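Subject: Structure handover

Hello,

Here is the structure I promised you. Please open it first, then read my notes below.

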Number of protein chains: 2
Amino acid sequence: MTLKLYVDRMSQACREVIIFCKVNGIDFEEVRIDLSKRQQLSPEYREINPIQQIPAIVDGSFKLSESHAILRYLTCAYPGIADHWYPADLYKRAKVESMLDWHRTTFPRGPGSYFFYAVFASAVGRPLNAKAAARTEKNLIAALAKIESVWLQKKGRFLLGSNQPSIADLSLACEVMQLEGLDEKEHERILGPFKRVLKWLDDTKNAMAPHFEEVQSTVSKAKEKLQKQRNAAGSNTTQSGRKPVLHSKI
Amino acid sequence: MTLKLYVDRMSQACREVIIFCKVNGIDFEEVRIDLSKRQQLSPEYREINPIQQIPAIVDGSFKLSESHAILRYLTCAYPGIADHWYPADLYKRAKVESMLDWHRTTFPRGPGSYFFYAVFASAVGRPLNAKAAARTEKNLIAALAKIESVWLQKKGRFLLGSNQPSIADLSLACEVMQLEGLDEKEHERILGPFKRVLKWLDDTKNAMAPHFEEVQSTVSKAKEKLQKQRNAAGSNTTQSGRKPVLHSKI
């Protein structure tokens, strides 16, 4: 039976699972759970994932949620996945785990709030909030500084000095690339100082071409669509009549 | 060479690593990194963990940070650790991973802020903040409700319906038991409605007796010490002269 992914490409956690499957030739059926319609809260989806979040997978009779857990599972459950994604070696794997866990202990706090208030809110029908974004920006900058100075090293193109990407590269790159929802000037202001991070994002995208860019394009398409809606509704108001509080977003 | 743990027992993430080692008879040296003195930011500790957070371990020449990554590593690196802590079976392990990741995607947001503002702040020299705690309380309650109704099941005393604890039980129990820093009335108000959670906390404590309670006692001792300081300083002011904004805390 084909693997089913319950996802919305507007979510970076969903994008990482879709990209992984595509890059590794895992056949799957994509079932859209539309966040803007709050479909993750429907009784039908509750049967798939009682936690009512996406992504989730159903593989035969096996149900699983949480993107990092899904990535780990897929590397082990499907044959022929290259070792660099989730190394079997005890020490290498432990370092990938440390990277994955740092991502999870760090990003849901400040940076996650920044992404929500500066980029993502409008896509799920909530207002953007420049004040709240500004309040959490310093956490995002601190997290980017740690990626630049600790997790990326002089040797190796990928996290932890590796020459090939792991699931930690894929997941963290999807997280950081939510910033593509910002307009160019803001994107440059936030990410510009982090040269290694920018190069690593490019390297990760290229290592997973063309799938990374294809799946990630949801963000730029949504940004363009919103911009068009705004232009059509008048120069300084959103469709709902609210003044936009940040330049341009997805 | 003996395993070194860089920890402060005031941190729940550190307590889970210490308890795991004690319960499983892993010999270790405990190196205190005093959070109240911000020793995690010292140049010496930076050499151990450039991310400047605790816990971290040094095992021979191998350095590792992030408590979940450390727990996973210890279950594999040390001989004779029972399988239930981190099952080798693909499907059972994936479920434990899902639980660990849910903990990390859920608790750093609202519940983590609640613990900080209502319980932990005074222990690291910052003021408690009843308003901020109240704002994040609903996230904590929602998380407890998910543990009660989804992760704990009718069958089995532990998470995911297991009869023996995994590293996910240990870690999440340490997280939730930060609430022991609250006074009894507040503790009852928050946790009282969650009967399964209360029973699971007891079962987890008992399964890891006497080590769980011994390590966890740091929280109650700190609470008592702070209470005495307050009593000595006068009925309604803290040592710093600030009015306490919540009843009694660690």
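B:Cys21 is buried, with a relative accessible area of 1%. Buried means under 20% relative accessible area, exposed means over 50%, and partly exposed lies in between, with a 1.4 Å probe and protein chains only. This is a predicted model, in which local features need pLDDT of at least 70, side-chain atom pairs count only at pLDDT 80 or more, and totals for chains, interfaces and linings use all residues. Residues are numbered from 1 along each chain as its sequence is written, chains are lettered from A and ligands numbered from 1 in the order in which they are written, and side-chain values use heavy atoms, leaving out hydrogens and water.

**Cysteines**

The cut-off used here is a pair of cysteine sulfur atoms within 2.5 Å. B:Cys21 is in no disulfide, and its nearest cysteine sulfur belongs to B:Cys14, 12 Å away. B:Cys174 is in no disulfide either. For B:Cys174 the nearest cysteine sulfur is also that of B:Cys14, at 10 Å. B:Cys174 counts as buried, at 0% relative accessibility.

**Strand S1 of chain B**

Next, look at strand S1 of chain B, residues 3-7. Of its 5 residues, 4 are buried, so the strand is mostly covered. Helices (H or I, at least four residues) and strands (E, at least two) are DSSP runs, numbered from the N terminus.

Which strands does S1(B) pair with? One is strand S2 of chain B, residues 28-32. S1(B) and S2(B) run parallel and are joined by 5 bridges. Two strands pair if DSSP finds at least two bridges between them. B:Tyr6 stands opposite B:Val31 in S2(B). Between S1(B) and S2(B) the chain passes through helix H1 of chain B, residues 12-23. This β-α-β crossover is right-handed. That means the path from the first strand over the helix to the second runs clockwise, with the strands pointing away from the viewer.

S1(B) also pairs with strand S3 of chain B, residues 56-59. Here the sense is antiparallel, over 3 bridges. B:Tyr6 stands opposite B:Ala56 in S3(B).

**Chain A as a whole**

Chain A has 10 helices and 4 strands. Along the sequence they follow the pattern β-α-β-α-β-β-α-α-α-α-α-α-α-α. Chain A has a radius of gyration of 18 Å, close to the 18 Å that the globule rule gives for 250 residues, so it is as compact as a globular protein of that length. The radius is taken over C-alpha atoms, and the rule is 2.2 Å times the number of residues to the power 0.38. The C-alpha trace of chain A spans about 55 × 45 × 30 Å along its principal axes.

Of the 250 residues in chain A, 55% are buried. Take the contacts in chain A with a separation of 6 or more: 66% of them join residues 24 or more positions apart. Contact means heavy atoms within 4.5 Å.

**A buried leucine**

B:Leu172 sits in helix H7 of chain B, residues 167-176. Is B:Leu172 buried or exposed? B:Leu172 counts as buried, at 0% relative accessibility. Leave aside its neighbours within four places in sequence. B:Leu172 is then in contact with several residues, among them B:Met99, B:Trp102, B:Phe107 and B:Trp200. B:Leu172 and B:Glu214 are 42 residues apart in sequence, and 17 Å apart in space, C-alpha to C-alpha.

**Backbone details**

Where are the cis peptide bonds to look at? One runs from A:Ala209 to A:Pro210, with omega near -5°. A:Pro210 lies in the loop between helix H9 (195-207) and helix H10 (211-233) of chain A. Another runs from B:Ile54 to B:Pro55, with omega near 5°. B:Pro55 is in the loop between helix H2 (43-48) and S3 of chain B.

Now check A:Arg38. Phi of A:Arg38 is positive, near 55°, and the residue is not a glycine. A:Arg38 is in the loop between strand S2 (28-32) and helix H2 (43-48) of chain A. A:Arg38 is exposed, with a relative accessible area of 54%. B:Arg38 has a positive phi too, of about 55°. B:Arg38 lies in the loop between S2 and H2 of chain B and counts as exposed, at 54% relative accessibility.

Best wishes
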